[in-house]
Amino acid sequence: MLQGNQTWVYDSRPLIKVSAAVGGPFEAEGALAQDFDMLFKDIWLGQDSFEKAEKELLEQVCEIAIRKAGLRKTDIQFLLCGDLMNQIISSSFAARTLGIPFLGLYGACSSSMEGLALAALLVDTGFAKNALTATSSHNSAAEKQYRYPTEYGVQKPPSAQWTVTGAGAAILVPEGDGPRVTAATIGRIVDMGISDPLNMGSAMAPAAIDTIEAHFRDLGRDPAYYDLIATGDLGRVGHRIANEILNNHGVKIPQGRFTDCGLLIYNQDQPVFSGASGCACSATVTYGHFLNRMRKGELHRILIVATGALLSPLSYQQKESIPGIAHAVAIEM
Amino acid sequence: MEKFLLAFLVGGGICVIGQIMMDVFKLTPAHTMCTLVVIGAILGGFNLYDPLIKFAGAGASVPISSFGNSLVKGALFEAERDGAIGVITGIFEITSAGISAAIIFGFLGALLFKPKG
């Protein structure tokens with residue numbers, strides 16, 4: 001039910017029965033490689049285009065999740081998917097293969113938690129006995145769409161981020177043991193007028209803080225309630241800005257408990273500029289790394305704040321600024 | 001030795017201008033390139049680019065601004081010989097080697113590698 005202005009508290013605390021993450025060759029060299037269910041050696045995944053490869057990532061992660069849950073495709077009642085391609089084609093075409101009743105989502109890189117919040121809502125209200133949510137991104141497909149042709153080799157500033165090639169999925173059910181979705185705060189759009197698509201961390205940081213503060217305000221909760229608060233893909237530049245805003249607003253998150261998925265997934269020596277980004281960034285780190293740590297008992301309560309930059313190539317051509325958004329989901333053991 | 005140094009300084013200077021256009025004024029690579037071509041064309045029109053090539057050699061003839069200079073010079077040259085129609089036919093007269101090379105080597109590259117990501 002609704003609490004405060006924009007936060008849902010799930011009375012039945014839907015269970016994340018299984019979660020899965022897949023990645024590409026660059027992710028296989030990253031810091032969290034052991035948390036992926038499958039890592040592909042080939043950036044093309046045997047397909048003849050990067051876009052088809054992304055669809056393949058999404059299909060694979062959904063199938064792995066369904067298999068891990070001991071279910072068949074026909075057992076899944078609803079599929080909620082999002083990605084970064086125009087008209088979310090990766091999601092629609094993966095849904096074509098899977099044949100599950102499908103809701104397409106677009107919240108850019110915030111789609112992962114938008115999907116988890118809505119899937120939990122479906123299960124919590126009894127409108128579904130189970131729901132599968134997944135998001136994907138592909139580095140080269142995103143580069144082509146949002147920036148420059150991959151064969152062009154354009155220069156990038158240090159504020160640029162590296163789109164994760166991968167996909168993450170979770171299946172929610174009403175009951176069982178494991179990590180549970182307890183609350184979600186739906187973010188509003190915050191646009192500070194930044195228009196450089198090679199500096200998206202700065203554009204999204206204010207939206208992340210807006211949602212984090214709304215979450216604590218709505219629930220009357222202290223940041224220390226969580227073992228970990230992770231934003232989706234702010235990168236080094238955005239994370240620094242987020243920390244500054246939190247300091248200025250007097251919000252105190254205990255030392256070492258505030259991080260960003262975009263800072264965790266790759267190794268220090270990988271050339272990713274400001275950090276990782278993409279729908280698959282928060283999805284793979286949450287559904288792989290964080291949930292694995294929760295299942296091992298290392299984390300008990302986490303808040304994932306997936307951040308999205310809602311620009312499009314069309315809006316960029318119209319010299320529009322980048323609207324930022326963030327959705328927060330609380331997961332507790 | 002002095003020739004090399006001048007080529008390095010002038011050629012490097014043109015590249016610095018291009019880099020500043022991208023990093024400080026946030027122009028796209030395409031805008032940056034076109035602006036340099038237009039600047040070269042304007043300098044060529046006032047007969048200022050050839051002295052620069054004389055001064056710095058490859059430092060001025062290799063950067064893209066030299067392409068703008070060549071376009072204007074070709075147009076002016078044929079305009080003198082053939083009148084107004086020469087402006088159109090002359091534009092690619094001097095630059096044809098560069099353009100043909102781009103097409104031919106692009107084609108050869110595409111035969112060997114996947115040309116499009």
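What share of the contacts in chain B with a separation of 6 or more comes from residues 24 or more positions apart? In this predicted model, such residues account for 60% of those contacts in chain B. For chain A, the corresponding share is 80%. Chain A comprises 10 helices and 15 strands, while chain B comprises 7 helices and 0 strands. The contact between the two chains draws on 9 residues from chain A and 6 residues from chain B.

**Chain A: overall form**

- Chain A has a radius of gyration of 18 Å, close to the 20 Å that the globule rule gives for 333 residues, so chain A is as compact as a globular protein of that length.
- The C-alpha trace of chain A extends about 50 × 50 × 35 Å along its principal axes.
- Buried residues make up 56% of the 333 residues of chain A.

- Chain A is divided into domain 1, residues 2-173, and domain 2, residues 180-332.
- A distance of 17 Å separates the C-alpha centres of domain 1 and domain 2 of chain A.
- The contact between them involves 60 residues from domain 1 of chain A and 60 residues from domain 2 of chain A.
- On the side of domain 1 of chain A that touches domain 2 of chain A, at least two residues each are supplied by β2 (7-9), β3 (15-23), α4 (111-124), β7 (131-137), α5 (139-146), β8 (162-163) and β9 (166-173) of chain A.
- Helix α4(A) gives the largest share of that side of domain 1, namely 7 residues.
- The class make-up of that side of domain 1 is 29 nonpolar, 23 polar and 8 charged residues.

**Chain A: helix α9**

- Helix α9 of chain A covers residues 279-295, which amounts to 17 residues.
- From its first C-alpha to its last, α9(A) reaches 23 Å, close to the 24 Å expected at 1.5 Å a residue.
- At A:T286, α9(A) bends by about 35 degrees.
- Helix α9(A) is mostly covered, with 14 of its 17 residues buried.
- Just after α9(A), residue A:G297 adopts a positive phi of about 90 degrees.

**Chain A: residue A:F102**

- A:F102 belongs to strand β6 of chain A, which runs over residues 102-105.
- A:F102 counts as partly exposed because it has 16 C-beta neighbours inside 10 Å, whereas a buried residue needs 20 or more.
- Apart from residues up to four places away in sequence, A:F102 touches A:L79, A:C81 and A:A95.
- Between A:F102 and A:L132 there are 30 residues of sequence separation and a C-alpha to C-alpha distance of 9.5 Å.

**Chain B: overall form**

- From the N terminus on, the elements of chain B follow the order α-α-α-α-α-α-α.
- The C-alpha trace of chain B extends about 45 × 40 × 35 Å along its principal axes.
- Of the 117 residues of chain B, 19% are classed as buried.

**Chain B: helix α5 and residue B:L71**

- Helix α5(B) contains 18 residues and reaches 26 Å from its first C-alpha to its last, close to the 26 Å expected at 1.5 Å a residue.
- The buried residues of α5(B) are B:S65, B:S66, B:G68, B:N69, B:S70, B:L71, B:V72, B:K73, B:G74 and B:A75.
- The cover over these buried residues includes α1 (2-23), α2 (29-45), α3 (49-56), α4 (58-61) and α6 (84-90) of chain B.
- B:L71 lies in α5 of chain B, residues 65-82.
- B:L71 counts as buried because 22 C-beta neighbours fall inside 10 Å.
- B:L71 and B:L52 are 19 residues apart in sequence and 16 Å apart in space, C-alpha to C-alpha.
- Residue B:G83 follows α5(B) and has a positive phi, near 80 degrees.

**Contact between chains A and B**

- Chain A contributes 9 residues to the contact and chain B contributes 6 residues.
- The side of chain A that touches chain B divides into 3 nonpolar, 3 polar and 3 charged residues.

How values were computed: Residues are numbered from 1 along each chain as its sequence is written. Chains are lettered from A and ligands numbered from 1 in the order in which they are written. This is a predicted model: local features need pLDDT of at least 70, side-chain atom pairs count only at pLDDT 80 or more; totals for chains, interfaces and linings use all residues. Two residues are in contact if their C-beta atoms, placed from the backbone, lie within 7 Å. Ala, Val, Leu, Ile, Met, Phe, Trp, Tyr, Cys and Pro count as nonpolar, Asp, Glu, Lys and Arg as charged, and the others, Gly among them, as polar. Helices (H or I, at least four residues) and strands (E, at least two) are DSSP runs, numbered from the N terminus. The expected span of a helix is 1.5 Å times one less than its number of residues. The bend at a residue is the angle between axes fitted to the seven residues ending there and the seven starting there. A residue is buried if 20 or more other C-beta atoms lie within 10 Å of its own, exposed if 12 or fewer, and partly exposed in between; C-beta atoms are placed from the backbone. Domain bounds come from an automatic or database domain assignment. The radius of gyration is taken over C-alpha atoms; the globule rule is 2.2 Å times the number of residues to the power 0.38.
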